[in-house]
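Hi everyone, thanks for coming. Let me put the structure up, and then we'll talk about how its inside is packed.

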Amino acid sequence: MLSEHVASARFSWAHLLPAALLILSWEWLAWRFPESRFFFSEPGAVLMALWSGVASGELLRHTAVTGFEALLGFAIGTTCGAVIGLSFWYWAPVGRMARPYIVAAGAVPVFAIAPMVIVWFGIGIFAKVMVAVLSTLFVAITQAYQGATNVDPRYLRLMAVLGGTRKQSFIKVVAPSALQWVLNSMRLNVGLALAGAFVGEFISSQQGLGWYILRAASLFDVSRVLAGCVVLATLALVLNAGVDALERTLTRRRSA
Amino acid sequence: MSSAIELDRVAFGYPSEAPERALFANVSLAIDYGQITCLVGPSGCGKTTLLNLLAGFIIPTSGELRFSAGHSGRPVGYIFQNDALLPWRSIRANLGLPAELQGRPAASDDARIAEYMDAFNLEASVLRQFPEHLSGGMRQRIAIIQALLADPDILLLDEPFGALDFFTRLRLEAEFRSLIDTHGKAAVLVTHDIDEAIAVGDRVIVMGRARRGIVADIRIDLEEPARPGPEAVRGHRLFGRYFTAIWESLRDAV
């Protein structure tokens, strides 16, 4: 089931068709309505902005900063969230008590708390990492907890009848059963971590794609804004491919 | 013959139900070693609930369960209608679970696994496969072997052959019967199938609805000249008599 999903996500030239159609339509609109270039730019100009940004190394530097913040935030948030979510199964009363708080905290938009995070952790990279952590933590907790509580009761009964302890049931049944849910949370959290790092940079920073895009927007340089967005989307695809690879490795190990 | 387990006036009702609406009450029963005791009855009479009581998944509202002496834990193995093999573990790893949980080396069960695999006509190559690659019949065989590796006194089986095709079912019934005869375990088998109960059982307990508990306890004796295999039991001269006795009890039990 999982491998089928991953296989269906493999690259095919047909996947480029929508992008090609969009670019051609966009180019035609820019040619047909030249005044629209101020608002929407044009593919050639975006490509030039991309090229100059890459050639000067500026865009790569900002991408590396945002990628690092997002990746670290993703790793910390997802790992801690998965551990907390799974441990809520192990200490069920704590899990039941914490659940409404997790739901409430997870519903608060990261935009609302990001300014406070900047106040608490300063304006450096660490604050952006923390915003990314907060963006991913609650999804990871909720998914891991759901995965743990959705374990087939037959497996737990089998463990009980074979004389397994609660700890053994947790290690041998609950955690492996919840793996798919944890992987799903990773897929969701890739985008959320990037958004978190981006929001952190948007609020206060001197580097990163958030800062790059914000500065370009303040100069009405739509081509550079869109070049930043293209890089951000590419970064999301790269991180998503990383999750795909991790998923393949883990599922291969399970079936080895 | 010694008893592996004795039930003394056992009753069970769900907490949300009033005591007078208990699922069953006053069930007294002794399950003997070396015998297969079949539980039959209409849906909702509490067959699986009784099995779950024996397994310790639920506790009786009143009454007492006594296991034979010499065991610290509950000496039961449970085989579910749809097996509970862990899908992310290979068959060998699934069979290694009892040793892992008991803190024994994984290799300590190798000889017994080979013996049981042979008894169930399973090839050694099956050990490298995963549950999803096996047929329902093979998975049930593996589930029975897994239960046996924990060395229980009593095997509890909840309609284990119900989802299998007729041919596989007959083979498994024969293999299971032979295994119990060889190893002298006690077994409690829940089934909806009267033919199956007569074919594999030494005893058929008929349970009734609405707190009636056990309404009939029929001993199956097909030993003259020798007990036929499950595939031939329907041709036994006593088969019809037992079938009628169980059927009439079931009719009264509804």
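So, what volume does the second largest cavity have? About 40 Å³. Keep in mind that this is a predicted model.

Who sits around that second cavity? Its lining takes in A:L158 from one chain, and B:Y78, B:I79, B:F80, B:D83, B:A84, B:L85, B:A143 and B:Q146 from the other. In chain B, strand 5 (76–79) and helix 5 (136–149) each put in at least two of the lining residues. By class, you get seven nonpolar residues, one polar and one charged.

Okay, on to the largest cavity, with about 50 Å³ of space in it. Its lining is A:F88, A:R99, A:I102, A:I141, A:T142 and A:Y145. Helix 8 of chain A gives the largest share here, three residues, and helix 6 (92–107) of that chain supplies at least two. Overall, the count is three cavities of 30 Å³ or more.

Now for the packed parts.

Take a look at B:I154. Skipping neighbours within four places in sequence, B:I154 touches B:A4, B:I5, B:F67, B:P75, B:V76, B:G77, B:A186 and B:V188.

Terms used. Residues numbered from 1 in each chain as written. Chains lettered and ligands numbered in written order. Predicted model: local features only at pLDDT ≥ 70, side-chain atom pairs only at ≥ 80, totals over all residues. Heavy atoms only, no water. Contact = heavy atoms within 4.5 Å. 1 Å grid on protein atoms, 1.4 Å probe; cavity = no way out; pocket = protein on both sides within 12 Å on 5 of 7 lines; lining within 4 Å. Points joined across faces, edges and corners; volume = space filled by probe spheres on them. Helix = DSSP H or I, 4+ residues; strand = E, 2+ residues; numbered from the N terminus. Nonpolar A, V, L, I, M, F, W, Y, C, P; charged D, E, K, R; others polar.
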